[in-house]
Amino acid sequence: MDRRSAVNTSVTHHTTHRRSKSYGRTFDATSRFCYTPGQLTITRIPTSREAAKAHKITEKVDPEQVALLVKNEWKLSYVTPLYQFRYTLLNVYAKHLSAFLVAEKQQGTAVEVGLETGFKVTFSTVLGMVETKDDAETVFIQIHSKPVFASAGDTPRVVWSGWLTCINGDPEYLQSLPPEFVSLPLFCTSGTESLTFLVKLWFERTFDCSFGSLSLDPNDLQWLAALWTGCHSDNNIRSLKLAWTLPAQPPLDVSLTVNGQDAWDLWEKVRPGDRADDSVSIEEVKCFITGIESHFFRHFKIHLSAGVLKKVSTALGSVHLDGKIKITCSDYMITVMTLLTECAILKMPTI
Amino acid sequence: MTRSSSLSELGRATNCSDEHDSSCNVSSSNRSLRLAENAKRKSEAEAPFLVAFKYFSQVKAGTPVNGNDELLGHLDRVERMALAQGLPPDAVSIMLEFAMSLRCRSSISSRVLRFLIPASVVPQEAVVRGFSWLCTQKMPQSMQILFLRWVLTMFDMIDCKDNLRAIYGFIFSFVIDESLCPFICHLLYLLTIKGHVKPFRVRKLLDIQGRMGKQPYLMQLLALYKVFCPEMVTLTMPSRMRAGFKNHSTTWKAALAALKRRNAGKEAPSMELTLGVRKSNSRKRKFHHLEVPALTPAMESSGPNARRGVCLQQLSSFNELLDNLNSIELPAQMGSLLSSALALHYLDCVQDESAFLRLNFWLGHALHEEFLFGPADGSPENMAEASHFLSMLVSTQHFLQEGFSSTEGFLFKFLQVWDGFLHRPQILELLSDIPLVPSSYIKDALFEPLMQLYFTSSVFFKCSVIECLTSMLRKWLTWHSICAQEEGLDISLNNRSNMSLSLSGFLDSVLKLVQFVGRLTSAGLQLERGHTLLLHHALGFYETVSDMFLKYSLPLFVMLPPGVFYPALLATDPVSVDRLGYIMFRYRQNLTSAKEEQKKQKELSIHINRSVYQEFNSYLVAMVAHLWNSRSFSLRSGIQVSEALLERTKVGDHSNCFDLIHHPAFLNYAIDFHQQCWPERADIDLNSIKAGKYWEWYVEFLFTQGFAGLRDFIKVNINPTVTRHSDGRPSSGQPLSQPSQPSQPTAEASSTALS
């Protein structure tokens, strides 16, 4: 009940006596003139963020679980709120999902059969992976394959893993959801496409949600490049690697590796010295990237700004434009996940 | 048993050919006779195929191939049919029998197998007979392999497999053949049930394995045996095996897929909401978001003490729905309700807010992914599917008589990027379903993008935009009038409740919309040089606007702009003038009754701007001056043109050139009337219609031509008693106006005007 805002209560109160069916507007208010805030804005991209600070996440969260999250490269998706998802039923979900996987795997056409293996699925909560009270706890899913003829020494092999999370989700959005919904907008997967597809299908059928792939914006990549560089003084980023694709014929790929210290020096130059707060503005980020690009232009006479920034990687992690991310250092995980949660929420159809 | 069933199959085939015999027994030799026989057949399109199938069921062994045009012709025909639409089950039996019996050369047989694409199912008996031919051992090996691969590829389409399982032993016996072994193992793998696993078979397989090495196909089959009977297979299996048999033929699969696609395409245009779930087609997995999910009950554990009600898919009729209305459970995916008409009826009664939120999440996601996020895929199939989805959405919203909020949210975003062309009919239909937009948003969300498209597109697009906005206005007004009735909404503004605030908000939005359309139509008519079609759409809009008070009890009066009024008044087609007359008539009725309402209620509950009366009156005067009083271009006609310019037109009497007789829209009626009155006159003098009773008759004559709008206009606005001028000219009914002071409104209208 705590999720329900005052506005919402009045809505439900009204709709009980009004016969008008609210296909019209979900949050259709007292009068029909009240919109969900931001409904008509297409994007609400923040112009400033908090600088990345090292959070010792392992103090809050079980280090073993954190280790699972930093191990893989994750493919990102967004997912609409889950209906009737209950943290108390995770074991039941695990059973259902493994049964579903076996059933679906057996359904193929005759020519594609093979001896199918069984699946063991585990659902677990990553307790503590939250920042605000509105964030729902992160859910981690693993699929192990169980070979039919497993020898005694064989441990079940992890064939797929994924997690649903929400870090620093937009409180206005989260609070506007009725209590039957759990919003875990960011879905990270690692494993075969076919298993990812089946897991998504099961979620869609069970919690009436929908998945879409989450590709990032070059802006997001620039943010991460700047935020990671800003950490250099505390945690050596070794080097800042950037990759662009330029619209030439054939397309020209440019990758640039900047020494970590040099990148940090440039970043410090860009930041006004008298900053009292820890926020980073979009202007600073743009200025930082422009600095790197103009440096490159001086040497190679190529305008990188004409291309698209495709990839950013440092010792802390790497991110690819098509929605792949790898986090190597858990200390700065929260910053990255905050940004990604925001991207996922922006994809929600009701925003 | 196998034998007997395959014989019965053959019997069926021969019976079928016997029937044909009666009609065309000599056809193979006598072409003309065959043509004559064919003509008798009901369906001419099918006849050649029937003949071809009959031919193949009867062709004698050893028939020569070279130079046999008849055989090759039939073969071509069947091949085309097979690849285009697939073969019906009977035809599959006949053709398989023909191919397997090797009655012609084996090259012909393998050709037949290569195009043997079933339309629906493969009769089991045909396959069983195929195996019996395989046992004759006179078949070349390549043909045997081809047959086995065909069976494997079509395995899922075989209607039933019990007889095939019954001949498991026969099939197993081929396992010793080294080249057939991989295919036989695969087939056995598909057929094996526990009862088939016998020690002697296991021994045989192990024996072969000893000879041929650990072949994956043997291992797969042995592994399956081990799963069924672990005690019989002592072999240790590697925990990870190379999975699968790689025996399928891609050409057959491609042909099957193409066939399926084509058939799906054929079904797509039918837009009616089918009862039951629409079968999902073979769309690529990652693009499945445009599929309406299947109706399935929610998972048991979804609620802690879930009361099991009736699932929607158990209901098959409206009566059943009514009987169970209170115990129906919502499905697992709300989107599935869009898949059936019955479910939509139920959706109409759903009160649960979160159910609608689920539906909107699903729908919004599908629309966003397909039209906003996804890479543009312009393939015809994709376009057809997208357009089918949108049409389904349109008909659903029409059924529910309300738009979904996710459609609305999507449309506002889509309008910003729309080219005005993609799925235009559906997008405009959906747009017209948008519920009232607050006036503060309406400009940015709706007007700006529409205006850009409107002014840069063809006149037909302009017409459809006006039509869409007309329909939107009607829906808003209808919603308002129903809402007002249901909630006893007091339309007076004295009441300071929530609803009256919302009424002012509503008025604001409607006013903005009407003004917007006013700008669009005025400028559009100018751009398109008064295009008749556009003019009609504009007049259609103002027919609704003029009646807002009486028809929808909305106290809002907005006159049509001069940019629409004058083009309609001076239009060359009588229908426009007639519609304008009707619109002016409705304005008058509305204003008059609003005035009366005001008088009754004493206090100023309905505020009508004075300028509305002034505008109405000046239009009225102009219209009467032009049509009735023959005073075009006079001071009060609304159009003033300098004398010099009028001289240059070389029109003799320009003051009467737009009266009901000389108006270009009515000229041919006048001539018609003239001829009926004075059939003997050679030269036409239209002015003679103005004399005496003729004028009244002429007006009556016009009324009989179906100009009801004009009739209403004249009856209400022109006083028939004052028809004659002293000079004897029938100069006409006065507008009930003749104002004493310029600011005072005219005629009857003076009583409606504010004093």
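Author: Helix packing in chain B

In this predicted model, helix α24 (residues 532-546) of chain B and helix α27 (residues 574-601) of chain B have axes that come within 9 Å and cross at roughly 15°. Angles under 35 degrees count as roughly parallel, and therefore α24(B) and α27(B) are roughly parallel to each other. Their crossing is left-handed. On the side of α24(B), the contact is made by L535(B), H536(B), L539(B), G540(B), Y542(B), E543(B), V545(B) and S546(B). On the side of α27(B), the residues are V575(B), S576(B), R579(B), L580(B), Y582(B), I583(B), R586(B), Y587(B) and N590(B). By type, the residues of this contact divide into nine nonpolar, five polar and three charged.

A second pair in chain B is formed by helix α3 (residues 47-58) and helix α4 (residues 69-85), which pack at an angle of about 120° with their axes 9 Å apart. That angle makes α3(B) oblique to α4(B). The crossing of α3(B) and α4(B) is left-handed. From α3(B), the residues P48(B), F49(B), V51(B), A52(B), F53(B), Y55(B) and F56(B) take part. They meet E70(B), L71(B), H74(B), L75(B), R77(B), V78(B) and M81(B) of α4(B). The contact of α3(B) with α4(B) comprises eleven nonpolar residues, one polar and two charged.

The domain assignment of chain B gives domain 1 as 51-228 and domain 2 as 438-535. The C-alpha centres of these two domains of chain B lie 68 Å apart.

Another helix of chain B takes part in a link to chain A. The side chains of D208(A) and R358(B) meet in a salt bridge, with an N to O distance of 2.9 Å. This pair crosses between chains: D208(A) is in the loop between α6 (193-207) and β9 (211-213) of chain A, and R358(B) is in helix α17 (residues 353-373) of chain B. Over all chains, a search of the whole structure finds 16 salt bridges.

Two backbone details lie in loops. Q401(B), in the loop between α18 (380-400) and α19 (405-417) of chain B, has a phi near 55°, a positive value in a residue other than glycine. In chain A, a cis peptide bond joins Q249(A) and P250(A), with omega about 0°. P250(A) is found in the loop between β10 (239-246) and β11 (252-259) of chain A.

Definitions and conventions:
Residues numbered from 1 in each chain as written. Chains lettered and ligands numbered in written order. Predicted model: local features only at pLDDT ≥ 70, side-chain atom pairs only at ≥ 80, totals over all residues. Heavy atoms only, no water. Axes fitted to C-alpha atoms, helices over the stretch in contact; angles between N-to-C directions. Helix = DSSP H or I, 4+ residues; strand = E, 2+ residues; numbered from the N terminus. Parallel < 35°, antiparallel > 145°, perpendicular 65-115°, else oblique. Left-handed = near helix turned anticlockwise from the far one by under 90°. Contact = heavy atoms within 4.5 Å. Nonpolar A, V, L, I, M, F, W, Y, C, P; charged D, E, K, R; others polar. Domains from an automatic or database assignment. Salt bridge = Lys/Arg side-chain N within 4 Å of Asp/Glu carboxyl O.
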